[in-house]
Amino acid sequence: MDGINLNALSENASRLGMRIQETIAEHTRDLTLIRGGGSLFDMADDKAKNITKQLESSSDREKLDAMKRLIALISKNRPVSSYFPAVVKNVASTNLELRKLVYIYLLRCAPSEPDLALLSINTFQRDLADPSPLIRAMALRVLSGIRVPTVAAIVLMAVRKSAADPSPYVRKAASLAVMKVYRLDQAHYAALVDILVTLLRDRSSLSLGTAVLALDNVAPSRLDLLHVHFRRLCRVLPDIDAWGQVDVLRVLVRYARTMLPKPVPESERQGDEEDKDLKLLLVCAEPLFMSKNPAVVLAVARAFYYLAPPSMLSKIAAPLLRLLNVSREIERVALAYLLVVARSHPTLFVNSHTRLLVRTDDAEQVKRNKICILLALCTVDNHQALLREFVDYAQDTDDSVVGDAIDAIGRIARLVPPSTPQCLTALMGMINSKQDIIVSNAVLVLKSLVQNQLLTPSSASTTTLAPSFSSQLTSSVPSLISTTSIPLSAPPQMSSAPPSTTTAQAPLSIIAQLARRIDDIRHPHARACVLWLVGQYGTVTGAGTMVDGVADWAPDVLRKAARSFKIEVCFFNLPHHPPAHANSYQAPLVKLQTLTLAAKLTLLAPVNRTFILLARYVLTLARYDEDWDVRDRGRMLASLLVGAVAGVVSSDGEEGTGDRWSNEEQGGRPSGVVLRREQVMRVLFEGKTGTIEEEAVADSRPLGTLALVMERDSPYLHEHDDEDTPVDLPEWLEQGIDPALRDSDDDTPQAVSSTPVVQAISSQGIPSQHAVSSASVTPIVLTPTGGSTPKDTKDWRDLDKFYASESESEEGEEEEEEEEEEAEEESEASGNDEDSGEDDENSEDEEEEVGKYDSDPSHDRTQ
Amino acid sequence: MAIDGLIILDPAGRPIIQSSYSCYPTAYPMLHIEALNNALEKALRGGSVDPVIYVAEFSCSSACCHVEVGGMRFLATISGDADPLIAFAFLDTFIEILHDYFGTVSLATLKDNFDIVYQLLEETLDSSGHPLTTSQNALSDIVLPPTLISKLLASVSPSAPGVPSGRQGGSFGLTGASGAFASPIPWRKAGVRHNHNEILFDVVEDMRAIVGKNGMTLVSNVFGKIESNSKLSGTPDLTLTFTNPSVMTDCAFHPCVRLQRWTRDNSLSFVPPEGRFILADYQYKPPQGAVISNVPIPLSLKANVDMGEFGGTFTLTLTSRSMKVMENVELELYLGEDAISAQCTLSSAGSGVGSVGSADGSWTFDSRKKMLRWEILNMRSSGSWILRGSWTSKIKAPRPAHAFQIRFEIPSFSFSSLKVDQLRLSGETYKMYKGVRMRSKGSLEWRW
């Protein structure tokens with residue numbers, strides 16, 4: 001035991017002097033006994049009997065030991081309230097270590113044993129005058145923890161006394177106690193607000209944060225109390241502790257939204273300055289982007305996101321991205337917020353999209369969020385790189401990620417239409433994959449892509465008959481080779497190639513290829529998609545095919561589908577199919593589409609006997625199917641086809657008794673509606689619009705909430721409609737309140753006297769702190785009378801420059817002008833983006849489909 | 001609403017320490033613990049656990065945010081519209097404090113010092129759910145660290161008659177408590193004295209990169225941090241300057257750093273706290289100035305993977321491109337949920353003379369996590385190592401991850417070659433010992 005080691009450990013050790021060193025040797029043996037915390041923690045319950053005896057002993061050591069045993073019992077959730085009287089006796093002990101343990105016990109037990117705590121309330125009151133701030137704060141915390149409404153008045157007195165305590169630590173506890181008293185008894189509202197007014201005047205940055213927090217909790221609608229403190233709060237922001245910064249920023253954002261005038265977009269501004277108070281808040285908050293605490297960084301980003309003019313928004317990008325590297329857990333949460341920002345302001349992150357690439361060791365939720373964000377950042381410039389990424393992600397080991405990635409490929413094709421051929425090629429490549437999950441997802445996306453593509457080239461196609469599509473089909477099958485062989489890295493053939501030639505042919509060849517692979521596509525949903533596509537687009541005009549009017553690849557699909565109709569259920573119970581996809585109830589989906597396919601093909605080639613036989617076979621099976629919907633569909637199609645195709649529903653009794661039903665119906669009601677072939681064509685083929693993808697709407701849930709992270713509705717949006725609980729993020733007011741209200745006595749003296757204050761601090765050997773210096777460096781502002789600061793001109797319209805000019809007193813004029821131009825360009829660019837986004841949405845809305853009862857499989861899923 | 005409380009679970013998922021949930025139904029903490037344990041159990045069968053788990057049993061929505069440390073789970077429960085980010089920030093801070101107090105955070109240390117953990121819990125988290133005192137220097141005044149001294153006091157002070165201050169017993173405790181918050185600087189203790197004044201800086205840089213299938217670097221970034229250990233007396237005011245501060249961008253600082261000063265002239269001016277702390281975080285900005293300028297990766301991998309039915313074979317060649325010796329190089333590949341076993345042989349193709357057969361590598365297959373791991377303890381400059389092998393799988397079309405995870409360490413090296421210019425001390429007169437060390441590590445994803 002050398003002296004150096006002791007000295008290094010604590011300054012207080014030296015006070016014990018040599019004498020203790022002499023006794024060390026004797027006591028080391030005891031130490032091991034006493035500090036055997038592990039044995040205390042795992043102590044058997046029967047030893048607990050001694051605790052009371054130990055607590056009443058005269059030795060502090062015994063008492064300490066007993067208290068530790070008690071706390072061990074607490075952590076094991078054993079009842080400990082029976083020791084309360086014995087413990088309370090020790091609250092006035094001279095041994096601080098012991099008192100702290102006693103108070104920890106009391107903090108635990110007082111709320112659950114209010115009656116016992118009431119008995120010793122005098123002790124706590126006495127401790128409020130203890131010389132140690134620690135004990136005073138502890139006593140206050142125990143007092144405010146006693147949840148008996150009758151003592152609220154006593155606690156209130158204690159809080160009032162502590163609010164004037166010399167120690168900021170105790171004042172901090174007082175602020176927190178205010179919240180607890182309010183929760184206990186709301187009748188003391190007025191008195192509590194009075195205390196808060198005192199607390200808000202606090203000069204110490206240590207307790208100021210909690211005072212603001214308490215105000216927010218107790219009187220959220222009394223933002224007017226903050227008027228005189230607003231500017232001071234902004235200035236001391238960097239000095240408040242990290243947690244306080246988070247709370248204060250949250251309140252200040254709300255204050256700004258309710259009290260400050262709405263910022264006018266720079267283009268519309270007419271000479272008058274941006275609001276100075278808003279500027280002050282943002283300028284003071286900005287350095288906090290460099291905080292190590294992720295919660296603070298988010299709080300500042302939130303303030304900028306909801307308050308700052310568009311030109312300053314770019315500042316939030318880098319700090320938000322930095323949060324992704326803090327830890328995996330924080331990455332998960334930050335990504336949820338980043339997604340919201342990226343969707344509303346994609347330009348902020350476009351250049352840093354590589355920071356968001358998915359790693360295979362990311363958590364599932366992280367991967368999916370990253371894919372969403374990357375998609376939000378997709379532009380003409382980076383879509384090639386993103387497409388390659390998504391193709392890679394499709395090989396992920398997590399099924400939901402695979403689904404998202406493949407879906408994202410489809411989205412790229414939609415967002416950047418010239419990239420469609422590449423996306424199709426990528427998806428076609430996936431059809432050949434050995435993984436079922438990849439195949440089925442690719443088919444689903446292909447289906448909607450193909451469908452949308454076939455619809456878009458000629459908008460007239462919605463009004464003409466389906467076979468008119470075939471006019472676009474010149475040589476579908478040969479083109480297959482040329483399209484699929486385009487490598488992904490091929491030079492972008494986007495703008496050069498006219499869409500009508502390349503894109504209109506490709507889809508049909510894709511359908512052809514899908515049709516050929518029908519045996520390998522086993523996922524019911526994907527299989528249904530293929531069947532529907534074949535039926536819908538399997539039409540050809542003119543001769544040259546084996547069956548007139550029907551593409552060569554279509555008949556075989558019907559044959560295979562008809563053959564597997566009976567076993568459609570067990571087909572999917574293959575051993576290695578993920579159970580989620582092998583549900584037998586999904587198989588009816590395939591049956592429905594088989595029926596539709598059969599009906600369509602017979603309609604196209606009404607004289608082909610094979611088709612008629614196949615259709616008849618399928619319809620018969622459908623009639624006796626166990627599934628209600630399948631039976632309905634079969635019946636409906638049968639009655640539709642009665643007039644159009646002879647022989648599908650034969651009247652010659654060929655199919656036995658089952659046909660009697662249709663015979664009866666036909667014969668019994670000869671005047672019943674029988675549609676002609678053209679009419680049936682119309683019914684079956686028309687009105688198939690593209691699938692509508694749900695667009696990512698701007699998220700209404702504010703940043704920094706659990707609801708946003710968990711993608712759930714905010715619990716407080718609807719529950720609390722009473723006026724006392726204002727929303728966390730109110731709308732801007734058009735006109736702010738009079739800024740003169742924010743003038744306070746502080747402003748003038750502080751601006752003047754800031755220099756002496758700093759000197760006073762530094763003369764004590766304490767360094768000046770950033771906030772004070774920020775106030776002193778800034779010669780500006782905020783005095784009500786002086787709108788006449790030296791550089792108070794239009795140069796400062798841009799906040800960037802304002803800030804730059806604050807640190808560097810003089811800068812080149814040219815540079816400033818450049819910056820201004822840049823800022824303007826940025827804002828213009830973002831404005832354009834928003835416009836185009838709106839256009840897209842409108843056009844999507846117009847495509848809103850009419851009614852369709854049969855086929856579109858992607859909608860059957862929801863039924 | 002804020003953080004409802006904090007619970008520490010042992011590796012078996014049982015609570016060992018939990019804060020008071022007196023304002024909540026008794027089932028409240030149990031439901032959260034159960035939700036977490038269920039999620040963890042599910043995760044064993046594949047997939048990962050979302051760090052935020054929604055618990056919807058109550059009228060008011062709540063969630064549990066959890067972090068794993070030393071086999072234990074630390075979970076913070078939040079409810080209402082609280083921000084999970086605050087919960088995680090608090091958990092990280094609390095764990096950091098435990099590290100500071102006990103050196104390591106393990107089940108054994110927590111059980112040994114549970115009374116201190118409870119004291120820390122009460123001091124850092126108020127029952128209203130708001131963090132109180134989290135600055136380590138301020139805390140150590142209130143809650144004594146389990147050093148020899150405090151153990152000594154526990155045994156000595158009640159009985160030792162002649163303790164300097166006149167009052168019998170507890171004198172140290174009271175001085176300690178009145179010392180609490182006596183310091184005008186929240187992060188620094190007042191009146192520290194050392195015989196030997198020193199401050200040490202460790203610059204640790206971490207490369208995170210993704211390499212595409214074609215061997216092209218898709219992204220590679222280097223994130224650095226400056227860890228400090230300060231043992232300085234009095235109120236030292238330090239100014240740290242760098243010869244090349246332009247390599248640092250996107251910085252974050254300990255609260256002690258004067259931000260204005262950094263913005264003005266890129267020097268770090270601060271009054272350090274006592275003991276260990278992280279002075280700054282930064283991202284390395286390569287000097288070329290290009291928008292996407294990737295930092296070169298110090299090793300390369302050539303991977304040939306053939307997937308067959310019910311398994312596959314692979315040949316991996318790992319080559320060092322670094323001038324320095326790399327340590328603890330570790331390559332991992334997830335072989336898919338249905339992988340059964342793997343079989344490999346190692347060899348090293350030498351750089352230069354007869355280095356074949358140096359068996360400083362090893363491979364393992366973790367059949368629980370389905371992870372193939374290849375470790376090379378010491379990788380000299382421009383050497384090559386080869387791993388050949390095969391694996392078997394239960395399913396016909398095996399589904400391994402399509403990327404290798406590679407980790408490495410390079411001692412006394414920094415990607416950014418950040419250089420400290422000088423460290424000036426003002427406000428105190430003593431001479432101090434200064435030291436700077438560099439260290440680098442990396443974690444790469446190499447797709448195939």
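Mentor: Quick ground rule before we start: two strands count as paired when DSSP finds at least two bridges between them. Also, keep in mind that this is a predicted model.

Trainee: Got it. How many bridges join β1(B) to β2(B)?

Mentor: There are 3, and the two strands run antiparallel. β2 covers residues 15-18 of chain B. Within that pairing, B:Ile8 stands opposite B:Ile17 in β2(B).

Trainee: And the hairpin between them, which residue takes a positive phi there?

Mentor: B:Gly13, with phi near 90°. The hairpin of β1(B) and β2(B) has 5 residues between the strands.

Trainee: What about β5(B), in which sense does β1(B) pair with that strand?

Mentor: Antiparallel, over 6 bridges. β5 spans residues 72-79 of chain B, and B:Ile3 stands opposite B:Ile78 there.

Trainee: So what's the strand order in the sheet?

Mentor: β2-β1-β5-β4-β3 in chain B, an open sheet of 5 strands with antiparallel pairing. The edge strands are β2 and β3 (52-55) of chain B, each pairing on one side only. On average, neighbouring strands of this sheet are turned by 25° against each other, direction ignored.

Trainee: Switching to chain A. How many residues of α7(A) are buried?

Mentor: 13 of its 14, so by the under 20% relative accessible area cut-off that helix is mostly covered. α7(A), residues 96-109, reaches 20 Å from its first C-alpha to its last, close to the 20 Å expected at 1.5 Å a residue.

Trainee: Which residues line the second largest cavity?

Mentor: Residues from chains A and B, including A:Arg359, A:Asp392, A:Tyr393, A:Asp396, B:Lys213, B:His402, B:Glu445 and B:Arg447.

Trainee: Which elements each supply at least two residues of that lining?

Mentor: α22 (383-393) of chain A and β21 (433-447) of chain B.

Key
Residues numbered from 1 in each chain as written. Chains lettered and ligands numbered in written order. Predicted model: local features only at pLDDT ≥ 70, side-chain atom pairs only at ≥ 80, totals over all residues. Heavy atoms only, no water. Helix = DSSP H or I, 4+ residues; strand = E, 2+ residues; numbered from the N terminus. Expected span 1.5 Å × (residues − 1). Buried < 20%, exposed > 50% of the residue type's maximum accessible area, 1.4 Å probe, protein only. Axes fitted to C-alpha atoms, helices over the stretch in contact; angles between N-to-C directions. 1 Å grid on protein atoms, 1.4 Å probe; cavity = no way out; pocket = protein on both sides within 12 Å on 5 of 7 lines; lining within 4 Å.
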